[in-house]
Amino acid sequence: MKKSTVIWLGIALFAAALNLRPAINSISPLIETIQSELHMNASSASLLTSIPVLCMGVFSPVAAKLANRFSLEYVIAWSLGVIGIGTVIRLFSHTSSFLLMTAFLAGIGIAAAGPLLSGYIKKYFPHNSAFMISIYTAALAVGAGFASGGVAPIQRLFDSWQIALASWSLLALLAIVIWVLVVLPQKKNDRAVQTFGGAEKLPWNQWNAWLLTFSFGGMAFIFYSLTAWLPPIVENMGYSKTYAANLLVIFMILQVPANLAVPYLLNKIPSRLFWLVLAAIFEMIGFGMILFSLMPWLAACFIGLGAGGLFAMNMLLPIDVTSTHQAAASWSAMVQAIGYIIGSFGPIILGAVNDMTGSFSYSIFVLIAVNLLMIVMQVFSVKRNFHSLKKSS
């Protein structure tokens, strides 16, 4: 392929990935306003984050099957359309049930696009997987950061949280235009990469895949717990709503340099385990600082850098251990399916803890415990799957 074509395919990847977080991350800064207007308690409000994440788990395996039948390029395009529809109809959200339905619809689109973008990377960038994963995960962080930081100003500008939530459908429209103009013509014209290929079974019976899944699940549990409840946790410490919302932005934006640094860091120290554990330790430091109310802004920096590194590495691991784009998509589908189901319980559990205790303080202990379990899973999964990578890197 021409260099210009490769660049445009990378831009298409970035544009598509931008859409996988705003429908989720735009909720948290407005959560108290939504709770007040729609009369939702913390447990029910947590579903606005948990439902899309649960969809990402339940429907991810279906994505690989659809791609085998219709091609991953077309399924990703359809998925972007579903995300856009689920987001724009939030304009009409005047009941909690309708808003929860939009979360479900957007979650289906996110569920289909997520694992297939890993297959897209394996297919179009087989020799630059680590770099393109960093671009992919950086786009996720940018989309999440824009939504976290931009939704409140939009709400103030239009005096409507519905408009603020629906405005992120514009990103889906942009991505669909780029996808139609760049990716779909490439699929039709390039016979070498025309089809997704034969069906590849999900690796349900491989213990290696389950180890990767549990590592991903711990990462997702922590990430979406913080996505839903970091601002309320900080407000509970006595800080202002604006300060708390800004910490969520810091948490999201600092994942970008962490994502982009992964290829460089792996060139310096190829050990996957080293960077996984270091990133988990960064998160642990941040949790400790929040527990003792020490400089929450710095805690958000530690957690953001740790989360960015963990996500990029966990996304790379299924690609590392597979040899074809079909297998990469199938392994990613399984890892993300069960992993996101695990992650979907994070916001619910933290919301339930708050409802029971009236405080988020105990939630930090939950996050610390999950972080420790995640480290254990990382040690087992990387030793089992990647001992050979150290020799070949």
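In helix α8, Ala130, Phe131, Ser134, Ile135, Thr137, Ala138, Ala141 and Val142 meet Gln255, Val256, Asn259, Leu260 and Pro263 of helix α13, a contact being heavy atoms within 4.5 Å. This is a predicted model, in which local features need pLDDT of at least 70 and side-chain atom pairs count only at pLDDT 80 or more, while totals for chains, interfaces and linings use all residues. Residues are numbered from 1 along each chain as its sequence is written, and side-chain values use heavy atoms, with hydrogens and water left out.

Sorted by class, the contact of α8 with α13 has 9 nonpolar, 4 polar and no charged residues; here Ala, Val, Leu, Ile, Met, Phe, Trp, Tyr, Cys and Pro count as nonpolar, Asp, Glu, Lys and Arg as charged, and the others, Gly among them, as polar. Two packed helices are described by the angle between their axes and the distance between the axes. For α8 (residues 129-158) and α13 (residues 255-268), the angle is about 175° and the axes are 7 Å apart. The axes are lines fitted to C-alpha atoms, for helices over the stretch in contact, with angles from 0 to 180 degrees between N-to-C directions. Helices (H or I, at least four residues) are DSSP runs, numbered from the N terminus.

On to the rings: the structure holds 16 aromatic pairs. Rings of Phe, Tyr and Trp (its six-membered ring) pair if their centres lie within 6.5 Å, with planes under 30 degrees apart called stacked, over 60 edge-to-face and the rest tilted. Tyrosine 224 and tyrosine 340 make an edge-to-face pair, 6.1 Å centre to centre with 65° between the planes. This pair links distant parts of the chain, 116 residues apart, with tyrosine 224 in helix α11 (residues 207-236) and tyrosine 340 in helix α16 (residues 325-357). Tyrosine 224 is buried at 2% relative accessibility, and tyrosine 340 is buried too, at 3%; buried means under 20% relative accessible area, exposed over 50% and partly exposed in between (1.4 Å probe, protein chains only).

Phenylalanine 282 and phenylalanine 302 also pair edge-to-face, at 5.5 Å centre to centre and 70° between the planes. Phenylalanine 282 sits in helix α14 (residues 272-291) and phenylalanine 302 in helix α15 (residues 296-320), so the pair ties together parts 20 residues apart in sequence. Phenylalanine 282 is partly exposed at 26%, as is phenylalanine 302 at 22%. Elsewhere, ring pairs link Phe216, Phe223, Tyr224, Phe251, Phe311 and Tyr340 into a cluster.

The loop between α6 (72-88) and α7 (96-124) holds serine 93, which is buried with a relative accessible area of 0%. Leaving aside residues up to four places away in sequence, serine 93 touches Phe98, Leu99, Thr102, Trp161 and Gln162. Threonine 95 is found in the loop between α6 and α7 as well, but is partly exposed at 39%.

As for confidence, the chain averages a pLDDT of 86, and 93% of the residues score at least 70; pLDDT is the predictor's confidence in each residue, from 0 to 100. Among the elements of the chain, helix α9 (residues 161-166) has the highest mean pLDDT (96) and helix α18 (residues 387-392) the lowest (43). Where pLDDT is low, the predicted coordinates should not be read in detail.

Definitions and conventions
Helices (H or I, at least four residues) and strands (E, at least two) are DSSP runs, numbered from the N terminus.
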